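Here are some exercises to work through with the model open beside you. Try each task yourself before you read its solution.

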Amino acid sequence: MPHVNSGKEHNAIKPSAGLSRHNKASKLWTADKISAAPNPMNKENINPADAKLSMLLRESRIAPALPPRFQENVWLRIEDAAASSKSIGSVAWLDALAALMLHPRLAFASVAALALAGVLLGTYQGTQVAQQDAQARYLAVVAPNPLR
Amino acid sequence: MNRSLIIVLGALALGVAVFAGSYFVSQRACVMGMTNPADDLSWLHDEFHLNAAEMARIRQLHEGYMPQCAKMCALLAAKKSEAQAALADGTNVTANAQKKLTELGELRAQCQAQMLRHFIAVSQAMPPEQGRRYLAEMQRLTLGFHEEIEKSMSPASGHEHHQH
């Protein structure tokens with residue numbers, strides 16, 4: 001049931017309240033009046049004549065003929081959309097990886113880990129090579145090739 | 001997409017460069033730091049964890065062995081030249097060539113026996129466990145080659161002498 005303002009609230013404002021207060025009150029009264037206007041979308045306001053009219057309008061609307069190969073084209077567009085979403089997925093993966101690599105902390109940690117791994121492996125290999133060289137030198141001195 | 005691809009490829013290239021650079025630099029530094037070209041016995045010290053007294057004894061043995069080894073090597077080289085000259089004379093193995101080959105073999109065996117005696121003396125100057133390991137390693141390195149040849153010539157390995 002819509003609320004109808006009788007205007008009593010407006011009249012209830014005391015004249016001694018001053019001009020500014022009076023203006024505010026009048027704005028409130030106007031807003032209240034607007035909100036009290038009947039809403040055409042309200043179900044309660046549906047007029048049976050309007051329902052008839054809208055039914056007539058619906059019936060009078062002419063359905064256009066579908067273009068040739070409409071259904072096939074719809075399926076093609078669905079397939080294209082699925083394919084493009086797949087390629088977008090791979091691009092997103094690459095973008096995410098690139099963004100991850102650009103994180104300063106992760107980048108520094110990766111570089112440090114790789115450098116450490118390189119140093120450890122290099123030291124291990126260097127030790128092996130140095131030992132082999134030293135062994136070959138000793139062997140060349142005590143056991144010349146014709147004896148081996 | 002192109003930007004992301006460039007970033008990923010650049011990061012991978014940087015990672016490879018960092019790893020390879022640190023690997024080669026540390027390997028080179030390690031080889032240069034550990035190698036002592038002036039001392040031929042540094043391998044014994046490092047490999048068999050010998051103390052100063054053991055190293056001094058081994059150095060003494062080594063210095064005593066070196067002139068004998070040089071003398072034997074000179075004799076071997078001379079005998080090898082004689083054998084080659086005898087073989088170069090004709091297409092047949094002459095009696096002289098056969099004699100030279102036998103002498104070369106005997107000299108080589110004497111030289112190997114002398115070398116093994118030196119290895120045994122060195123191994124006895126080491127702690128027992130290290131000595132055993134040294135002797136096994138030296139026999140493997142010096143005589144292992146012949147063993148491989150002999151093994152490859154055995155019938156079990158498929159080497160057969162067909163009778164015609």
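**Exercise 1.** Work out what share of the 148 residues of chain A count as buried.

*Solution.* Start with the rule: a residue is buried if 20 or more other C-beta atoms lie within 10 Å of its own, exposed if 12 or fewer, and partly exposed in between, with C-beta atoms placed from the backbone. By that rule, 6% of the 148 residues of chain A are buried. Now do chain B: it has 164 residues, and 16% of them are buried.

A quick word on the ground rules. This is a predicted model, where local features need pLDDT of at least 70, side-chain atom pairs count only at pLDDT 80 or more, and totals for chains, interfaces and linings use all residues. Residues are numbered from 1 along each chain as its sequence is written, while chains are lettered from A and ligands numbered from 1 in the order in which they are written.

**Exercise 2.** Find out how many helices and strands each chain has.

*Solution.* First, what counts: helices (H or I, at least four residues) and strands (E, at least two) are DSSP runs, numbered from the N terminus. Chain A then has 5 helices and 0 strands, in the order α-α-α-α-α from the N terminus on. Chain B also comes to 5 helices and 0 strands, and its pattern along the sequence is α-α-α-α-α.

**Exercise 3.** Decide where the predictor's confidence is lowest and where it is highest in each chain.

- Chain A has a mean pLDDT of 74, and 62% of its residues reach 70 or more. Its lowest confidence is in helix α1 (residues 8-11), at a mean of 43, and its highest is in α5(A), at 93.
- Zoom in on residues 1-22 of chain A: pLDDT stays under 50 there.
- Chain B has a mean of 86, with 87% of its residues at 70 or more. Here α5(B) is lowest, at a mean of 79, and α1(B) is highest, at 93.
- For the complex, the predictor gives an ipTM of 0.77 and a pTM of 0.57.

**Exercise 4.** Check whether the length of helix α5 (residues 104-142) of chain A agrees with its number of residues.

*Solution.* The expected span of a helix is 1.5 Å times one less than its number of residues. With 39 residues, α5(A) should therefore span 57 Å, and its end C-alpha atoms are 56 Å apart, which agrees.

Next, look at what is buried along α5(A): A:Leu114, A:Gly118, A:Gly122, A:Gly126, A:Ala130, A:Ala134, A:Tyr138 and A:Val142. Here's a handy rule: an α-helix has 3.6 residues a turn, so residues three or four places apart point the same way. The buried residues of α5(A) pack against α1, α2, α3 and α4 of chain B.

**Exercise 5.** Describe the side of chain B that touches chain A.

*Solution.* Two residues are in contact if their C-beta atoms, placed from the backbone, lie within 7 Å. The contact takes 38 residues from chain B and 36 residues from chain A. On chain B's side, α1 (2-34), α2 (42-48), α3 (52-88), α4 (95-124) and α5 (128-153) each supply at least two residues. The most come from α1(B), with 18 residues.

Then sort chain B's side by type: 24 nonpolar, 10 polar and 4 charged. (Ala, Val, Leu, Ile, Met, Phe, Trp, Tyr, Cys and Pro count as nonpolar, Asp, Glu, Lys and Arg as charged, and the others, Gly among them, as polar.)

**Exercise 6.** Say where A:Arg69 and B:His49 lie, and whether each is buried or exposed.

*Solution.* A:Arg69 is in the loop between α3 (48-60) and α4 (70-101) of chain A. It is exposed, with 9 other C-beta atoms within 10 Å. Its phi is positive, about 60 degrees, although it is not a glycine. B:His49 is in the loop between α2 and α3 of chain B, and it is exposed, with 11 other C-beta atoms within 10 Å.

Conventions: pLDDT = per-residue confidence, 0-100.
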